[in-house]
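Please look through the sequence and the coordinates before reading on. The paragraphs below begin with the surroundings of the ligand and then turn to the backbone.

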Amino acid sequence: MAALRALYPALADGHAYLDGAAGTQVPVSVIEAVAAAYSQGIGNLGGAFAASGRTGAIVAEARAAVADLVGGTADGVVFGPSATALAYRISDALSRAWTAGDDVVVSRLDHDSNVRPWIQAAVRAGVTVKWAEVDLVTGELPTAQYADLIGPRTRVVAVTAASNAIGTRPDVAAIAEIAHAAGSLVYVDGVHATPHMPVDVDALGADFYTTSAYKWSGPHVAALAASPALLETVWPDKLAPSSNEVPWRFERGTLPFADLAGVTAAVEHLAALAPHGVSGAGAGASPVSRRDRVLASMAAVEAYEAALFARLLGGLAELERVTLYGKAARRAPTAFFSVGGVAPRAVAEHLAALGVNVWDGDNYAYELCTALGLEPDGAVRAGLVHYNDASEVDRLLNGLADLLR
Ligand SMILES: Cc1ncc(COP(=O)(O)O)c(C=O)c1O
């Protein structure tokens, strides 16, 4: 843990960064990769000179890296400024084919970026919006309701792989099975899930899967993974001279090339978290693929974070007047709680004064917070990531105990 934390220059400031769910710090390898892209000379794509060629390689490497992270295909990785922007891009393009009588299914668990773009597209196209509800006591998003919600006219089921507020990890694979049986597409928000677990977009049944690199130690860039064959069927608005090819036609304007070098470095960072070597033995031994190293590393991350999260949950349970929202069976390590009588912002300010960074508000889990009666102030969120340690969790718990004294 000490060696891992030393890779992150920002952690040296002594703050407990428990705000990873809102964005992680970056390791020096990512900072250096971004700096190197600029230092070496950077050009726009498609030029006759070497710097332009280097940029082409940066983009290709970043697509391959994201594909290895989520189990996708490099040619089906689309980059964009944010997961929100990508959801708008895809919902806008898909909705051109919707007609009256169609419907889309959104969930009350999701970040608003996987809700509002679909609702707005549905309103424009004159199609129905159906809601999957959260069990507010458990925080679960029950799968069974999808059998009733999804029908032959369902075009898209938009669902999160993990809630950025209460951590719930719905059974996306089961939901996708119901959706696919009815002929619907499945758009999965993987922004909160990706940093915490091994991801396999095919196993999830995700036709579209979004992830934001700034949640997993990378720069502020997002990616959408889909099969190239599916992307071939979708036509977004685009400029006349820009590429008609997949995935390029989904990328509007010039990409943040140097940041994409950082995306590849971030995936390399994740892939190196767990020990790895060669597969097989003797002359037949071969280096373990980056995909396999990612899977091993993210499994290790999931186990490490689960233990740390248990410590956090145990500590919160011991504090009187702390109300924790959600207790889903499968959860990302993210705690969302209120401290009786104290405004979430005041809790966050008290903790900030102690050098503990937590988030306050609805975290754009707007529908969930509305359903929980928490709007407009939301609650307090402490989100663990792989570089957090037990001492940071204890500082949070002590800070809360101090506030409640
Ligand atoms: C679960 C989830 N989905 C979507 C988003 C939006 O991501 P972006 O900032 O890349 O638009 C966030 C950001 O906090 C998130 O946590």
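In the account that follows, Ala, Val, Leu, Ile, Met, Phe, Trp, Tyr, Cys and Pro count as nonpolar, Asp, Glu, Lys and Arg count as charged, and the others, Gly among them, count as polar. The model is a predicted one, and every value given here should be read with that in mind.

With those classes in hand, the shell around the ligand can be described as 3 nonpolar, 7 polar and 2 charged residues. The residues that surround the ligand are Ser82, Ala83, Thr84, His111, Ser113, Asn164, Asp189, Val191, His192, Ser212, Tyr214 and Lys215. Under the classes used here Tyr counts as nonpolar, although the side chain of Tyr214 has an N or O atom that lies 2.5 Å from an oxygen atom of the ligand. Another member of the shell, Ser212, has a side-chain N or O atom at 2.6 Å from an oxygen atom of the ligand, while for Asp189 the ligand atom in question is a nitrogen, placed 2.5 Å from an N or O atom in the side chain. Of the 400 Å² of accessible area that the ligand has on its own, the protein covers 90%.

Where in the protein does the ligand sit? The ligand is found in the largest pocket, whose volume is about 360 Å³. That pocket is lined by 20 residues, and those lying nearest its centre are His111, Asn164, Tyr214, Lys215 and Asn363. Taken by class, the lining comprises 8 nonpolar, 9 polar and 3 charged residues.

The bond joining Val246 and Pro247 is cis, with omega about 0°, and Pro247 lies in the loop between α9 (228-232) and α10 (257-271). The peptide bond from Glu375 to Pro376 is likewise cis, with omega near 5°, and Pro376 has its place in the loop between α13 (366-371) and β15 (379-383).

Conventions:
Residues numbered from 1 in each chain as written. Predicted model: local features only at pLDDT ≥ 70, side-chain atom pairs only at ≥ 80, totals over all residues. Heavy atoms only, no water. Near = heavy atom within 4 Å. Polar contact = N/O pair within 3.5 Å; in protein donor to acceptor, adjacent residues only side chain to side chain. Areas by Shrake-Rupley, 256 points an atom, 1.4 Å probe, with all protein chains shown as cover. 1 Å grid on protein atoms, 1.4 Å probe; cavity = no way out; pocket = protein on both sides within 12 Å on 5 of 7 lines; lining within 4 Å. Sits in = over half its atoms within 2 Å of the grid points. Points joined across faces, edges and corners; volume = space filled by probe spheres on them. Helix = DSSP H or I, 4+ residues; strand = E, 2+ residues; numbered from the N terminus.
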